[in-house]
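User: I want to learn how to read packing in a protein model. Please take me through it feature by feature.

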Amino acid sequence: MNTDEEIHNQNNLTSSEEEESKFMDKDGNLMNPAPVGKLRMCCEELSEESKDLYLCTAVPELNHLITPLELYRDWIAPNRPVIFKGAFRSWPAIKKWDSEYLRNKLGEKSVTVAVTPNGYADAPNEGYFVMPEERSMKFKDFLDIMEDPSQTKGVFYIQKQNSNLTDEFQEIMEDTAEEISWFSEALGKEPDAVNFWMGDKRAVTSMHKDHYENIYCVVKGFKDFILLPPTDTPWIPYKKFPAGRYKEIEPGQFIIEEDKETGLVPWVVIDPLQPDLHTYPQYKKANPIICRVHAGDALYLPSLWYHHVQQSHGCIAVNYWYDMEFDIKYTYYKFLQNLTWKEL
């Protein structure tokens, strides 16, 4: 493996590039400092060509359903997001899932709820990658908090994944669908997980990516997404954080307990809502795309796309995760990642 000095000599860096090549965060453990020299030029060209050849400045919206063949050919194979307007307005859930109905169906049932002091679960904070405190509580008590968040401290969010809709919310499964048939047909497989999401407007999903083809269906309210394509990988700063978990020790007072069993977690360090471009100047080269998904609509979120999510208060959504194909696209993504990341 070449040393940093050898790479510097090979690439014949300018003085400004030398300064960026020396960049490290304050803890000295950024996983992917800004690329420099010829590598930087190639990464910039990749981003520009991606914008010119297949990306859009806005997520396209379709007002009609398409065939599985069209879905695969036009969106899944080229790894492009798209919103299907009104695709799920026929779901009974769209009309049924109000507070009264959900209380009657699920009120006495215990469900898993994520609790944080700030709305950021699974996100960097105070030098840790912090996971939420998970509580088991009756669903009617969760609904009480959604109706009046001021009655309790903390931010509450039903976000447990691993197919929690089929695990904890079987009573309302009939109001949605076990799978999206035209999506399953396009991919030739059934979903790995079907997840139920409901929560506080302060709950934020920090920037990350998934190894899934994701069809994200909003039932109530809306979701706001910030999306970044995989070709922006060189510009999205990562760090390795020790894992931690929030714990409420008194009402409204949370501490972070280190989770040594989980160990170090690589995670996106920048907040796209308020990007620190002084510390992470490479993010200026990223190409964020913003979209809002309304009730009855669905977003196809392709595998390996980075995404950050906010929501309206009490928003309800159901998403379907289909395992991605680890094909040539994944190979190219790993190649790009390996070029621009370093081992600690």
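Analyst: Start with contact, which means heavy atoms within 4.5 Å. This is a predicted model, where local features need pLDDT of at least 70, side-chain atom pairs count only at pLDDT 80 or more, and totals for chains, interfaces and linings use all residues. Residues are numbered from 1 along each chain as its sequence is written, and side-chain values use heavy atoms, leaving out hydrogens and water.

User: Which residues does phenylalanine 84 touch?

Analyst: Leaving aside residues up to four places away in sequence, its contacts include Leu62, Ile66, Trp182, Ile215 and Tyr300.

User: How do I read a nonpolar core?

Analyst: In soluble globular proteins, nonpolar side chains tend to be buried together. A core is a set of buried Ala, Val, Leu, Ile, Met, Phe, Trp, Tyr and Cys residues joined through side-chain atoms within 4.5 Å. Buried means under 20% relative accessible area (1.4 Å probe, protein chains only). Here the largest core has 52 residues; Phe84, Trp91 and Phe139 are among those that touch the most other members. A second, separate core has 28 residues, including Leu30 and Met207.

User: And aromatic pairs?

Analyst: A pair is described by the distance of the ring centres and the angle of the planes. Rings of Phe, Tyr and Trp (its six-membered ring) pair if their centres lie within 6.5 Å; planes under 30 degrees apart are stacked, over 60 edge-to-face, the rest tilted. This structure holds 20 such pairs. Tyrosine 238 and tyrosine 306 have centres 6.5 Å apart and planes at 65°, so they are edge-to-face.

User: Is tyrosine 306 buried or exposed?

Analyst: Buried, with a relative accessible area of 0%. Tyrosine 238, at 5%, also counts as buried.

Terms used. Buried < 20%, exposed > 50% of the residue type's maximum accessible area, 1.4 Å probe, protein only.
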